[in-house]
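Visitor: Please show me the chain. I would like to ask about its pocket and its packing.

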Amino acid sequence: MQIFAGVGAGANPVSTVEYLVIAGGGGGGGYAGGGGGGAGGYRSSASFALSGTVTVTVGAGGARAPSASGSDTNAGTSGNNSVLSTITSTGGGGGGGIASGQAGKTGGSGGGGSGSTAAGFAGGAGNTPSTSPSQGNTGGTGSSDETTYRAGAGGGGATAVGGNASAAAGGTGGNGGTGTASSITGVSVTRGGGGAGGGYGVNGTASGGGGVGSTAGTANTGGGGGGNNLTFNNNSNGGSGVVIIAYSTAFDALTSIDAGLTYSVDTTTRSGFRVYTFTAGTGPITV
């Protein structure tokens with residue numbers, strides 16, 4: 001346990017904070033028609049009661065599609081949950097793979113469905129389990145056409161559903177669902193973007209930390225991994241999540257933060273606020 005020197009419990013502790021809790025994004029599906037991973041669940045509030053000792057967990061991104069017979073044709077693994085006290089954001093759903101055709105997995109935002117020679121597969125449902133406001137959106141639907149035009153759909157994002165794939169241009173992957181901008185740190189950053197679908201011809205596009213063309217989601221954005229295009233053994237893991245809390249500098253620093261958490265604290269970028277950004281690990285914090 002790390003203790004902040006000179007700050008004792010009960011001196012002038014904060015009781016209400018702002019928060020941003022984003023889960024790990026889903027891994028992209030493979031191969032050449034794999035769906036993009038869904039973004040990790042995105043939850044925020046401008047007023048949340050926080051007192052005593054609570055748990056913080058930063059969810060890791062889901063793994064890329066595991067190898068099958070030397071090629072990555074399976075679905076991506078879903079991301080891991082992030083937690084702040086009673087708030088849980090659900091990991092993004094893995095993107096569907098083309099092994100027998102697969103739908104995207106459900107999650108905070110759903111993974112995009114894979115393409116297929118027979119029928120395009122649906123995206124996974126977002127906002128699963130349901131929260132209010134919604135923590136994410138559904139993945140798009142993969143394309144169905146002959147093999148050379150197959151493409152995967154985009155994973156769902158915090159703001160929008162994943163884009164559907166099409167047979168255009170030799171198979172065009174769906175775009176990743178867009179993320180959501182937050183200025184909780186004092187700088188506007190868009191996080192929670194779905195991964196782009198992979199295509200034989202053209203990959204989809206992505207924002208908000210989502211990966212494109214067999215690439216990983218960006219760390220600490222909850223972005224989904226890009227669907228596999230024509231690259232075996234890709235690196236399309238989902239991006240890790242993040243937990244951020246902010247409150248007025250009129251209140252004391254946190255009393256303690258467990259050594260199992262990786263974090264930074266900033267009192268300058270956002271004037272008049274303490275901003276704690278947790279980027280990895282799990283453990284208790286005490287107000």
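Guide: A pocket is found on a 1 Å grid over the protein atoms alone: an open set of points where a 1.4 Å probe fits, with protein on both sides within 12 Å along at least five of seven lines. Lining residues have an atom within 4 Å of a point. This is a predicted model; local features need pLDDT of at least 70, side-chain atom pairs count only at pLDDT 80 or more, and totals for chains, interfaces and linings use all residues. Numbering runs from 1 along each chain as its sequence is written, and side-chain values use heavy atoms, without hydrogens and water.

Visitor: Which strand gives the most to the lining of the largest pocket?

Guide: The lining includes Tyr19, Tyr42, Arg43, Ser44, Ser45 and Gln135. Strands are DSSP runs (E, at least two residues), numbered from the N terminus. With 4 residues, the top contributor is β3 (residues 42–49).

Visitor: How many helices and strands does the chain have?

Guide: Helices are DSSP runs of H or I, at least four residues. Read along the sequence, the pattern is β-β-β-β-β-β-β-β-β-β-β-β. The count is 0 helices and 12 strands.

Visitor: How many residues are in the largest nonpolar core?

Guide: Such a core joins buried (under 20% relative accessible area, 1.4 Å probe, protein chains only) Ala, Val, Leu, Ile, Met, Phe, Trp, Tyr and Cys residues through side-chain atoms within 4.5 Å. Leu50, Leu84 and Phe278 are among those with the most contacts inside it. Elements giving two or more residues include β2 (16–22) and β12 (273–286). The core has 22 residues.

Terms used: Buried < 20%, exposed > 50% of the residue type's maximum accessible area, 1.4 Å probe, protein only.
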